[in-house]
Amino acid sequence: VGVSAGHRHVLGLAEDGKVYSWGSGGGGCLGHGDLVQRNVPEVVDELCHLGKKAAQIAAGVDMSLVVTNDGEVYAWGRTKNGRLGLGMGETSVTIPRKVQMGDHDGMAVAVEAGYVHSLIVLATGQLLVSGGVGVDDGEDGAAEGDDGVPNDGLPRLLDDPEINMWQRNKDIVEKKEQAKWQKYGKYETKGRRAMMEEAKKWGV
């Protein structure tokens, strides 16, 4: 019922909530406990052992995320610089691990995996962000957030009131003046009232 293609691997979602993976095993992104490549789809057993059924999947560059049907997020693969929200202590995780979302636990409805960052969409429409792209020759993974707090590798709430996944900006509607009714041959450039007055003048 779902598929997501990453840089070198693919995730598939079955109707029963099981997740399959195949392709390169770089960074442990297949979730089978190793770095070995799989040429055919293989069930990610750890999610089954945890009793978790996936509702949505996302594959990025050597990393994978799933949202479970109870609103939790599990991630695995390359974790350098906190790109998966699993902390800063490791560079890779080879089996699914729960992403700690604090007060937002159980509120996830969608995930997305990028190059060196990932996003979690909450039921409120807000976004949790992990990792980041380095700018001005900085290292990928943003050393600190917008609030100046050092990056601990855990998901951060994108605190921007202008961004909400369930709302959109109002469309700009161009105001057009409605043209007055004009017709009748040589009177077509005159308004109806002017045309009627001129008709009376000539006794028409």
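The strands β1 and β2 form a hairpin, with three residues between them. Strand β1 covers residues 2-5 and is joined to β2 by four bridges, the two strands running antiparallel; within this pairing, Ala 5 stands opposite Val 10 in β2. Two strands are said to pair here if DSSP finds at least two bridges between them, and the strands themselves (E, at least two residues), like the helices (H or I, at least four residues), are DSSP runs numbered from the N terminus. What is described is a predicted model, in which local features need pLDDT of at least 70 and side-chain atom pairs count only at pLDDT 80 or more, while totals for chains, interfaces and linings use all residues. Residues are numbered from 1 along each chain as its sequence is written, and side-chain values use heavy atoms, with hydrogens and water left out.

Taken as a whole, the protein has two helices and 12 strands, and along the sequence these follow the pattern β-β-β-β-α-β-β-β-β-β-β-β-β-α. Of its 204 residues, 40% count as buried, where buried means under 20% relative accessible area, exposed means over 50%, and partly exposed lies in between (1.4 Å probe, protein chains only). Among the contacts in the protein with a separation of 6 or more, 46% come from residues 24 or more positions apart, a contact being heavy atoms within 4.5 Å.

One part of the fold to trace next is an open sheet of four strands, which has the order β5-β6-β7-β8 and antiparallel pairing. Strands β5 (54-59) and β8 (92-98) stand at the edges with a single partner strand each, so one side of each is left without a neighbour in the sheet. On average, neighbouring strands of this sheet are turned by 10° against each other, direction ignored; for such angles, axes are lines fitted to C-alpha atoms (for helices over the stretch in contact), and the values run from 0 to 180 degrees between N-to-C directions. Strand β7, residues 73-78, pairs with β8 in the antiparallel sense over four bridges, and the bridge partner of Ala 75 in β8 is Arg 97.

Asp 62, in the loop between β5 and β6, has a phi near 60°, a positive value in a residue other than glycine, and at 5% relative accessibility Asp 62 counts as buried. Asn 81, in the loop between β7 and β8, likewise has a positive phi of about 60° although it is not a glycine, and Asn 81 is buried with a relative accessible area of 17%.

The nonpolar interior can be considered next. In soluble globular proteins, nonpolar side chains tend to be buried together. A nonpolar core is a set of buried Ala, Val, Leu, Ile, Met, Phe, Trp, Tyr and Cys residues joined through side-chain atoms within 4.5 Å. The largest such core has 28 residues, of which Val 19, Val 66, Val 73 and Ile 120 touch the most other members. The elements that give two or more residues to this core are β2 (9-13), β5, β6 (63-68), β7, β9 (108-113) and β10 (117-122). Leaving out residues up to four places away in sequence, Val 73 touches a list of residues that includes Leu 65, Val 66, Val 67, Met 101, Val 111 and Ile 120.

Beyond its neighbours within four places in sequence, Ala 110 is in contact with Gln 56, Val 67, Leu 119, Ile 120 and Val 121, and at 21% relative accessibility Ala 110 counts as partly exposed.

Finally, the cysteines can be considered. The structure holds zero disulfides, a disulfide being a pair of cysteine sulfur atoms within 2.5 Å. Cys 29 is buried, with a relative accessible area of 0%, whereas Cys 48 counts as partly exposed at 34% relative accessibility.
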